[in-house]
Amino acid sequence: MTSSSFKLSVSPVIPCFYYFSFGALLALVVPLQFFSAFGQPTSPVFACDVTSNSSLGDLGFCNRSMGIQERVADLVGRLTLEEKIGFLVNKAGGVVRLGIPKYEWWSEALHGVSYVGPGTHFSSVVPGATSFPQVITTAASFNISLFEAIGKVVSTEARAMYNVGLAGLTYWSPNVNIFRDPRWGRGQETPGEDPLLSSKYASGYVKGLQQSEDGDSDKLKVAACCKHYTAYDLDNWKGVDRFHFNAVVTKQDLDDTFQPPFKSCVVDGNVASVMCSFNQVNGKPTCADADLLAGVIRGDWKLNGYIVSDCDSVDVLYNSQHYTNTPEQAAADTILAGLNLDCGTFLGQHTEAAVQRGLLNKSDIDNAISYNFATLMRLGFFDGDPSKQHYGKLGPKDVCTTEHQELAREAARQGIVLLKNEASTLPLSADKIKLLAVIGPNANVTKTMIGNYEGAPCKYTTPLQGFLAYTSTIYEAGCPNVACNTPQVDDAKKVAVSADATILIMGADQSIEAEGLDRINLLLPGQQQLLVTEVAKASKGPVVLVIMSGGGMDISFAKADNKISSILWVGYPGEAGGAALADIIFGSYNPSGRLPMTWYPQSYVDKVPMTNMNMRPDPSTGYPGRTYRFYAGKTVYSFGDGLSYSKTHHHLVRAPKQVSIPLEEGHPCHSSSCKSLDALEEGCRDLTFDIHLRVENNGSRDGREIVLLFYSPPPIHHAPQKHLLGFRKIFLPAKSKTMLKFKVYACKDLSVVDELGNRKIALGTHQLHIGKLKHTLSVKI
């Protein structure tokens with residue numbers, strides 16, 4: 001064996017790991033104050049400190065009894081043009097004479113408080129925060145209440161860190177772009193390929209981050225930001241990068257696929273911010289597109305908050321895309337389009353010149369910064385000492401709590417997907433497996449588990465450590481890293497031969513898929529497939545393959561290999577990922593996750609360029625379309641796939657066979673043959689019906705079941721072949737059953753987007769799908 005191979009044997013009852021809980025230690029050592037051993041505490045950044053300067057109490061914007069708009073107007077009216085421009089950038093300048101400190105807008109909280117972005121820092125006072133699974137893994141749970149619960153924990157820890165001067169109040173998360181192409185390096189950050197699931201995740205996580213526990217809807221716990229608006233899902237593929245890419249998108253695809261998560265963020269989640277992206281859409285940079293920003297976000301959706309650029313994207317549209325002839329014109333175009341804040345320095349450098357040249361009025365600057373100030377008002381930034389406000393008692397003791405860390409483990413359990421389980425090989429029995437071989441480049445990783453936009457975690461439990469809680473383990477990396485150019489096949493085979501069962505933990509990490517790095521192919525990197533195949537041949541016991549990755553992999557070889565009895569996908573499962581994986585493999589937890597994206601074969605990406613944004617297939621060119629909604633070809637695994645240890649059955653109890661759309665007298669469709677109706681018809685808006693379903697767990701194990709309700713509309717307007725209409729996650733004890741009811745809003749849920757971007761409800765035969773059940777429904781006038 002190589003030096004990376006060793007045997008570990010500990011009691012399965014009380015495992016002893018080499019990490020500790022920062023939160024628990026802090027609670028024991030510094031429950032009330034922070035002493036020098038943990039670093040000196042710092043104060044939060046806030047304005048209107050009347051305790052230090054009583055004269056500030058005479059300023060209108062410091063008067064909490066006034067309305068937000070009045071306070072904002074008062075503040076803006078006191079600023080010089082130079083001072084106003086200082087509030088157009090993320091490193092906002094302070095105004096000493098008004099008691100306003102400098103403020104850093106850029107912080108991140110994709111799946112926990114992150115150290116990405118200059119607004120947040122870890123120190124000996126708060127050395128780590130709870131690191132939840134990467135978003136793609138959490139999305140696989142299909143659990144809306146979990147999305148919100150994670151958001152609540154993250155915002156609590158963010159506020160606690162703000163109170164000791166380690167964090168801001170504005171977080172540029174979540175990423176709600178559609179995972180359109182399986183090669184995208186940032187697909188891991190998203191809720192997957194489906195517009196409905198992405199929309200529910202978006203609004204749920206935003207509510208968790210933002211909603212104030214005191215019930216005041218005008219207040220924000222922290223301010224979330226939905227990004228990257230819009231049609232952004234290419235980073236760097238074969239020489240095409242996001243800074244120069246023009247996404248050519250049809251109006252139908254834009255409104256049908258790319259926009260729904262952002263609309264849900266704003267309309268359902270009441271998000272405080274939207275971030276425009278680097279790319280162009282149909283020839284125009286998104287941050288300079290007045291139709292997309294002022295027209296849709298601010299106008300149609302009524303955003304109550306600010307619009308921010310992706311970092312340096314204003315600079316990019318001028319210096320890289322050459323969209324304008326002068327920097328002053330770029331500054332003017334973005335501000336007039338509806339941009340309020342520049343993550344970068346460009347607006348700080350060129351806005352004053354734009355005003356001097358008559359490209360902007362001073363009132364345009366006033367309007368832009370007013371939304372920024374209003375957001376800070378809602379956060380309490382201008383309310384004085386935070387310690388005297390609602391979240392003022394939060395501190396390091398509220399970060400990395402036992403409850404928060406347990407939720408991270410639970411989220412990972414719920415998101416792990418069981419894809420293959422021949423002969424019910426899983427769960428393994430700890431009593432029968434006396435020695436477990438754990439092999440693979442991801443078998444004992446730490447940071448890989450938390451993906452990107454990460455923070456310092458409370459602690460790690462690697463897969464190897466997780467298995468140690470159940471049985472004795474022998475470990476061999478098999479590859480020096482996930483690139484796996486020099487596999488140690490013989491050493492790995494020796495380990496597998498000696499063990500009662502073998503777990504292979506393979507996949508990717510940020511060297512394979514990341515921001516700025518899209519994949520070229522979907523195969524396991526390097527010689528991983530060779531290692532898996534050879535170890536499976538040699539193993540004397542059952543073989544379980546675990547894929548740790550953000551995107552799907554073409555593992556057709558493993559799916560067809562009879563020596564590989566089980567396959568699981570864990571995504572990037574967060575700080576407790578190893579413990580969660582072991583819980584599932586040894587049966588302490590019944591898996592319930594479902595894939596939030598299609599796993600394509602390599603042949604798909606061989607013929608589909610990543611730059612083609614079309615969702616719908618084109619038979620004339622052989623273009624196959626994208627995602628389960630439009631692609632009808634071969635898959636390795638499909639959206640929604642996932643097994644459990646239970647035997648669950650669905651029974652349709654009641655659903656209508658016909659739905660009639662009432663039309664006003666004289667409607668043209670009374671006298672002519674119509675294939676579809678405007679979904680905004682007056683008689684259509686409140687038309688609903690219920691679907692009653694009985695779900696039975698006939699197995700011997702308690703478990704969670706995800707019920708996915710799909711529908712297939714009539715084939716008009718190039719409609720999706722199948723579309724997710726609703727989903728529910730329920731807990732079912734063994735040998736039990738329950739009733740579920742889905743309420744369907746006929747003209748909203750059964751509508752499709754036509755070629756012009758209008759919502760239409762198709763007349764004719766619709767089909768509902770729940771598991772193996774199918775129900776035909778006729779929509780008539």
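Biologist: Before that, what should I know about the model and the numbering?

Modeller: This is a predicted model, in which local features need pLDDT of at least 70 and side-chain atom pairs count only at pLDDT 80 or more, while totals for chains, interfaces and linings use all residues. Residues are numbered from 1 along each chain as its sequence is written, and side-chain values use heavy atoms, with hydrogens and water left out.

Biologist: Is strand 15 mostly covered or uncovered?

Modeller: Strand 15, residues 501–507, is mostly covered, with seven of its seven residues buried. Buried here is under 20% relative accessible area, exposed is over 50%, and partly exposed is in between, using a 1.4 Å probe and protein chains only. Helices (H or I, at least four residues) and strands (E, at least two) are DSSP runs, numbered from the N terminus. Both faces are covered, with Ala501, Ile503, Ile505 and Gly507 on one side and Thr502, Leu504 and Met506 on the other.

Biologist: And which strands does strand 15 pair with?

Modeller: Strand 15 pairs in the parallel sense with strand 13 (residues 435–439) over four bridges, and in the parallel sense with strand 16 (residues 543–548) over six bridges; two strands pair if DSSP finds at least two bridges between them. Ile503 is the bridge partner of Val438, and Thr502 stands opposite Val543 in strand 16. From strand 15 the chain passes through helix 17 (residues 528–538) to strand 16, a β-α-β crossover that is right-handed, which means that, with the strands pointing away from the viewer, the path from the first strand over the helix to the second runs clockwise.

Biologist: Changing topic, how many disulfides are there?

Modeller: The count comes to seven disulfides, where a disulfide is a pair of cysteine sulfur atoms within 2.5 Å. One of them joins Cys311 to Cys343, S to S 2.0 Å, and with 80° about the S-S bond this link is right-handed.

Biologist: What about Cys669 and Cys674, is that link left-handed or right-handed?

Modeller: That disulfide is left-handed, because the torsion about its S-S bond is about -95°. Cys669 counts as buried at 9% relative accessibility, whereas Cys674 counts as partly exposed at 23%. Cys225, by contrast, is in no disulfide, and the nearest cysteine sulfur, that of Cys226, is 6.9 Å away.

Biologist: Now the rings: how many aromatic pairs turn up?

Modeller: A search of the whole structure finds 29 aromatic pairs; rings of Phe, Tyr and Trp (its six-membered ring) pair if their centres lie within 6.5 Å, and planes under 30 degrees apart count as stacked, over 60 as edge-to-face and the rest as tilted. Among them, Phe142 and Phe639 are edge-to-face, since their centres are 6.0 Å apart and their planes at 70°. The two residues are 497 residues apart in the chain; Phe142 is buried at 1% relative accessible area, and Phe639 is buried at 6%.
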